[in-house]
There are 2 protein chains.
Amino acid sequence: MDITFLGTGAGVPSKKRNVSSLALQMLQERGSTWLFDCGEATQHQILHTNIRPRKVEKIFITHLHGDHIFGLPGFISSRSFQGGDSPLTIYGPKGIQAFLETALAVSGTHLAYQVEVMEVEEGLLYEDDHCTVHCHKLDHGITSYGYAIQEHDKPGELLVDKLKEEGIEPGPIYQQIKENPVVEYNGKKLYREQFIGENKAGRKICILGDTRSQESTKDFIQDADLLVHEATFAKGETELAYSYYHSTTEQAALLAKKANVGMLILTHISSRYQDDDIDALLQEAQSVFPNTKIANDLSTFQITNMR
Amino acid sequence: MDITFLGTGAGVPSKKRNVSSLALQMLQERGSTWLFDCGEATQHQILHTNIRPRKVEKIFITHLHGDHIFGLPGFISSRSFQGGDSPLTIYGPKGIQAFLETALAVSGTHLAYQVEVMEVEEGLLYEDDHCTVHCHKLDHGITSYGYAIQEHDKPGELLVDKLKEEGIEPGPIYQQIKENPVVEYNGKKLYREQFIGENKAGRKICILGDTRSQESTKDFIQDADLLVHEATFAKGETELAYSYYHSTTEQAALLAKKANVGMLILTHISSRYQDDDIDALLQEAQSVFPNTKIANDLSTFQITNMR
């Protein structure tokens with residue numbers, strides 16, 4: 001599972017940072033990619049990655065500000081034009097459906113695949129064999145959400161060495177032990193729990209939209225392996241951050257620490273900060289929460305289980 | 001007066017050609033720039049030019065296909081964010097207003113300047129001291145327009161040498177001669193027509209949206225100094241061009257020749273053509289109409305009076 005940042009700037013695109021979007025690539029886990037936000041020119045950024053639009057299965061929109069949604073009509077049109085034919089589900093705050101319907105109707109766009117738009121509220125949003133997705137309200141002037149992807153735990157591996165010690169050689173019996181709490185073999189009862197290693201804990205990934213730092217987010221992101229949090233402003237700009245409904249580097253790091261997350265990635269960096277300033281921003285956060293990174297456009301990070 | 005191409009591809013963006021937009025820069029003539037079409041990431045392309053969004057006075061949309069309009073909400077939002085405060089007028093087919101209103105309302109965008117949206121029909125669209133703009137219906141499945149910008153002729157220069165020969169030395173009398181058909185000076189009648197050079201003809205620039213080649217466009221573009229015409233397909237693909245409501249290189253060149261235009265620039269090149277193919281496309285057109293160019297992204301051409 002990898003996360004690739006397609007746009008890491010705030011408000012308007014610059015030469016260095018496009019407006020917001022990121023891709024959660026889960027090709028091994030589910031053969032698909034999910035996008036979070038889709039600012040203008042997200043499809044252009046994708047041209048410089050290995051992401052295939054046809055493999056994008058779901059798009060989660062954190063909030064409806066233009067720098068997070070204006071690339072959506074173009075992305076979904078091009079996905080069709082380029083032969084994408086599998087269904088796509090789009091989750092976002094109320095209003096996302098009207099935006100998309102108008103853009104597609106006015107432009108006479110006919111998609112070669114089915115789009116389902118789900119206008120979301122707090123709580124459990126989605127569940128399947130691989131994971132759940134929950135949604136949590138943030139503090140941003142207009143409705144803004146954070147999403148938590150929680151993988152299910154996976155059963156441990158079969159302890160082959162131990163089975164062999166007991167004289168049980170590989171064969172269909174291995175599969176039977178895996179699938180049943182108890183099986184009989186050569187007149188002997190074999191208990192699964194004795195021959196299966198520990199459960200592999202599923203990962204928890206939290207991706208938040210624009211927000212002021214707020215205490216109530218702590219429980220939602222508790223123990224996440226990865227937290228993606230905005231850091232529009234430097235540590236010293238708490239008043240500016242508050243008045244524009246954004247966070248500082250230090251506020252994001254404090255939240256990560258309190259919630260005991262594994263890794264923090266900062267994004268949504270104001271264009272007031274140049275290349276030279278990035279190290280200072282990073283250090284402000286790392287002095288509070290050491291395992292912090294700052295995302296650049298097209299940065300990719302592997303998401304490992306931190307537990 | 002310069003024309004800068006911001007996107008010269010067809011349908012979807014590629015690494016080489018963005019979707020449609022071009023800028024007519026008239027800084028000397030009127031201190032402003034006009035955009036024609038505004039495909040996604042037009043504002044991103046502008047970052048690589050000397051165009052200032054705040055100087056963009058008018059945007060003309062040829063038709064509502066996504067690759068010509070999906071950059072509009074982002075452009076007008078960023079123009080405001082970056083301090084643009086002068087009014088902006090947007091012209092386009094019916095539907096453009098609903099698209100913009102929905103995009104701005106849903107995203108909670110408040111502009112720091114006034115936007116007027118004019119849904120256009122064929123005929124005279126606009127007139128001021130500098131020029132007129134007319135609009136002509138093309139043949140593209142959905143309503144698509146061409147725009148003709150006709151500068152007014154400018155009165156010729158005062159023939160100072162001739163005035164001096166007649167013993168009339170520089171002074172307020174020069175201005176009087178310029179402004180009146182006839183003036184008296186030292187008891188002598190001076191006729192303006194004798195002391196003014198020939199009128200300087202205004203330029204005519206025609207910028208067409210996507211279209212099949214059609215005979216009825218000839219009169220509209222007659223004697224234009226510059227014609228910008230789409231050439232989605234190569235000469236041999238007339239059937240494909242017809243069925244997708246587009247033109248070939250040769251069809252565009254034939255129209256330019258019949259209408260006696262000064263220069264032809266081809267744009268809206270299908271992504272099926274690579275760098276290596278461009279010379280062949282150009283030669284197909286030049287063999288019919290020699291003064292043809294093919295636009296690339298960020299190409300700039302000076303528009304001179306060809307008469």
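**Figure 1. An exposed glutamate in a salt bridge of chain B.** At 53% relative accessibility, B:Glu215 counts as exposed in this predicted model. B:Glu215 forms a salt bridge with B:Lys258, and the closest N and O atoms are 3.3 Å apart. The bridge connects distant parts of the chain: B:Glu215 belongs to the loop between β12 (204-208) and α9 (217-221) of chain B, B:Lys258 to helix α11 (residues 249-258) of chain B, 43 residues apart. B:Lys258 is partly exposed, its relative accessible area being 46%.

**Figure 2. Salt bridges of A:Arg30 with A:Glu57 and A:Asp128.** Over all chains, the count of salt bridges comes to 22. In the pair of A:Arg30 and A:Glu57, the closest N and O atoms are 3.0 Å apart. This pair links distant parts of the chain, with A:Glu57 in strand β4 of chain A and A:Arg30 in helix α1 (residues 27-30) of chain A, 27 residues apart. A:Glu57 counts as partly exposed, at 22% relative accessibility. For A:Asp128 and A:Arg30, the closest N and O atoms are 2.7 Å apart.

**Figure 3. Aromatic pair of A:Trp34 and A:Phe60.** The whole structure contains 16 aromatic pairs over all chains. The ring centres of A:Trp34 and A:Phe60 are 5.2 Å apart and the planes stand at 45°, so the pair is tilted. Because A:Trp34 lies in strand β3 (residues 32-36) of chain A and A:Phe60 in strand β4 (residues 56-60) of chain A, the pair ties together parts that are 26 residues apart in sequence. Both A:Trp34 and A:Phe60 are buried.

**Figure 4. Edge-to-face pair of B:Trp34 and B:Tyr126.** The two rings lie 6.3 Å apart centre to centre, with 80° between the planes. B:Trp34 is in strand β3 (residues 32-36) of chain B and B:Tyr126 in strand β7 (residues 123-127) of chain B, so the pair ties together parts that are 92 residues apart in sequence. B:Trp34 is buried at a relative accessible area of 0%, and B:Tyr126 counts as buried at 18% relative accessibility.

**Figure 5. Aromatic cluster and charged ends over rings in chain A.** Ring pairs join A:Trp34, A:Phe36, A:Phe60, A:Tyr91, A:Tyr126 and A:Tyr147 into a cluster. Over the ring of A:Tyr126 sits the charged end of A:Lys58, 3.7 Å from the ring centre. The charged end of A:Lys162 sits over the ring of A:Phe195, 5.7 Å from its centre.

Terms used:
Residues numbered from 1 in each chain as written. Chains lettered and ligands numbered in written order. Predicted model: local features only at pLDDT ≥ 70, side-chain atom pairs only at ≥ 80, totals over all residues. Heavy atoms only, no water. Phe/Tyr/Trp six-rings, centres within 6.5 Å; stacked < 30°, edge-to-face > 60°. Helix = DSSP H or I, 4+ residues; strand = E, 2+ residues; numbered from the N terminus. Buried < 20%, exposed > 50% of the residue type's maximum accessible area, 1.4 Å probe, protein only. Lys NZ or Arg CZ within 6 Å of the ring centre and 35° of its normal. Salt bridge = Lys/Arg side-chain N within 4 Å of Asp/Glu carboxyl O.
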